[in-house]
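Here is a short briefing on one protein chain. Please keep the sequence and the structure in view while reading.

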Amino acid sequence: MQPRNMSMSGVVDLAAVKAAGEAKAKAEQARAEAARQGGAAAVAPSALVIDVDEAGFERDVLQRSAEVPVVIDFWAEWCEPCKQLGPLLERLAVEYNGRFLLAKIDVDANQMLMQQFGIQGIPAVFAVVAGQALPLFQGAAPEAQIRQTLDQLIQVGEERFGLTGIAVDPSAEGAAPAAAPVPAGPYDALLEAAMSALDAGDLAGAVQAYKNVLADDPGHPEAKLGLAQAELLARVQEMDPQQVRKNAADNPADVDAQIAAADLDLVGGHVEDAFGRLVEVVRRTAGEQRDAARLRLLELFEVIGPDDPRVTAGRQALARVLF
């Protein structure tokens, strides 16, 4: 992919509108609050490069952008140009010594963020300054061009928004490392107990066994899948299928009725129907009702597993109605 410069003119334009003034005020307020609490602690150079996901985006990118420009590197494991650009950006983040923070986002694992930023190809690099998102460039651009773009970004951050960066303590890298955590697992006994509980119809016992695994290893794939399945079965165990489907058919605007019917759809093997039902609920609702349908849909994605093409299609459909 040939580099395509997405010039910094957007930053200058942004600074001229009302949104820039509001963003600057918010940034100043955030810094004042940090000062009242004793000021932000200096960070180690390694903390200048962070991995960010959808759940932590507001905290790690939007909130941090009130004190330092946050450069976002959208990448994927299969992307060859990303393997050239990523290490370069990481090296520059350390070299610039806290004048910007680098946030790395894996697009395969965070497709809603990819959709929200309108990414058409990767690598793609954006910045967030005082809560304002700005396109920088796309493709494996040469280092000189990247440096020029970063310099301009930092200048605008300082002059227009008063962002002076974050303090870096190089000595923190040499501090005694924390004791390495004891490797989690193996969990054969707990996983076997969960399966035995499922076979015996003890759904509560299965849920607890999977939770015990996830308490030590939150990312354990088998436990995450098992927990999602056990919780789904527990929800539908006491349902009257005919009544649930009648309620959903008679009350299309009843979000709880549609959520219950989606659970039944999935248990019955009608995966696309379950996903489509909840995507439609998300499309036509707002507020707490939309959140309830969206969260249940994400839970059902876990039941099927991230590698299933139906989940990929469902995530794309959800992103379209959300953004």
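The model is predicted. The protein chain holds 14 helices and six strands. Of its 323 residues, 41% count as buried. Among contacts with a separation of 6 or more, 71% are between residues 24 or more positions apart.

**Parallel pairing around E4**

- Strand E4 covers residues 101-106. Five of its six residues are buried, so the strand is largely enclosed by the rest of the structure.
- E4 pairs with strand E2 (residues 49-51) in the parallel sense, through three bridges. In this pairing, Asp-51 stands opposite Lys-104 of E4.
- E4 also runs parallel to E3, and six bridges join the two. Here Phe-74 stands opposite Ile-105 of E4.
- In a regular strand, side chains alternate between the two faces of the sheet.

- Strand E5 (residues 124-129) pairs with E6 in the antiparallel sense, over six bridges.
- Strand E6 spans residues 132-138 and is mostly covered, with five of its seven residues buried.
- Val-129 stands opposite Gln-132 in E6.
- Two residues lie between the strands of this hairpin. Ala-130 is found in that loop between E5 and E6.
- Ala-130 has a positive phi of about 50°, although it is not a glycine.
- Ala-130 counts as buried because its relative accessible area is 8%, and the cut-off for buried is under 20%.

**Asp-73 in E3**

- Asp-73 sits in strand E3, residues 70-75.
- Is Asp-73 buried or exposed? Its relative accessible area is 1%, so Asp-73 is buried.
- Beyond its neighbours within four places in sequence, Asp-73 is in contact with residues including Leu-102, Ala-103, Lys-104 and Ile-105.
- Other contacts of Asp-73 include Leu-85, Gly-86 and Leu-89. Pro-123, Ala-124 and Val-125 are also among them.

**Leu-85 and helix H4**

- Leu-85 is found in helix H4, residues 80-95.
- Leu-85 counts as buried because its relative accessibility is 1%.
- Leaving aside neighbours within four places in sequence, Leu-85 is in contact with Asp-73, Pro-123, Val-125, Phe-137, Gly-139, Ala-140 and Ile-146.
- How far apart in space are Leu-85 and Gly-139? Their C-alpha atoms are 8.0 Å apart, while 54 residues separate them in sequence.

**The disulfide**

- A search of the whole structure finds one disulfide.
- The disulfide joins Cys-79 to Cys-82, with an S to S distance of 2.4 Å.
- The link of Cys-79 and Cys-82 is right-handed, with 85° about the S-S bond.
- Both Cys-79 and Cys-82 are buried.

**Backbone points in the loops**

- A cis peptide bond joins Ile-122 and Pro-123, with omega about 0°.
- Pro-123 is found in the loop between H5 and E5. Pro-123 is among the contacts of Asp-73 and among those of Leu-85.
- Asn-97 lies in the loop between H4 and E4. Its phi is near 55°, a positive value in a residue other than glycine.

**The largest pocket**

- The largest pocket has a volume of about 920 Å³.
- The elements that give two or more residues to its lining are helices H5 (111-116), H9 (221-236), H13 (287-304) and H14 (309-322).
- Which element gives the largest share of the lining? H9 does, with seven residues.
- The pocket is lined by 29 residues. Ala-109, Lys-224, Glu-302, Pro-306 and Arg-315 lie nearest its centre.
- By type, the lining residues divide into 14 nonpolar, five polar and 10 charged.

Terms used:
Residues numbered from 1 in each chain as written. Predicted model: local features only at pLDDT ≥ 70, side-chain atom pairs only at ≥ 80, totals over all residues. Heavy atoms only, no water. 1 Å grid on protein atoms, 1.4 Å probe; cavity = no way out; pocket = protein on both sides within 12 Å on 5 of 7 lines; lining within 4 Å. Points joined across faces, edges and corners; volume = space filled by probe spheres on them. Helix = DSSP H or I, 4+ residues; strand = E, 2+ residues; numbered from the N terminus. Nonpolar A, V, L, I, M, F, W, Y, C, P; charged D, E, K, R; others polar. Buried < 20%, exposed > 50% of the residue type's maximum accessible area, 1.4 Å probe, protein only. Pairing = 2+ DSSP bridges. Contact = heavy atoms within 4.5 Å. Disulfide = S-S within 2.5 Å.
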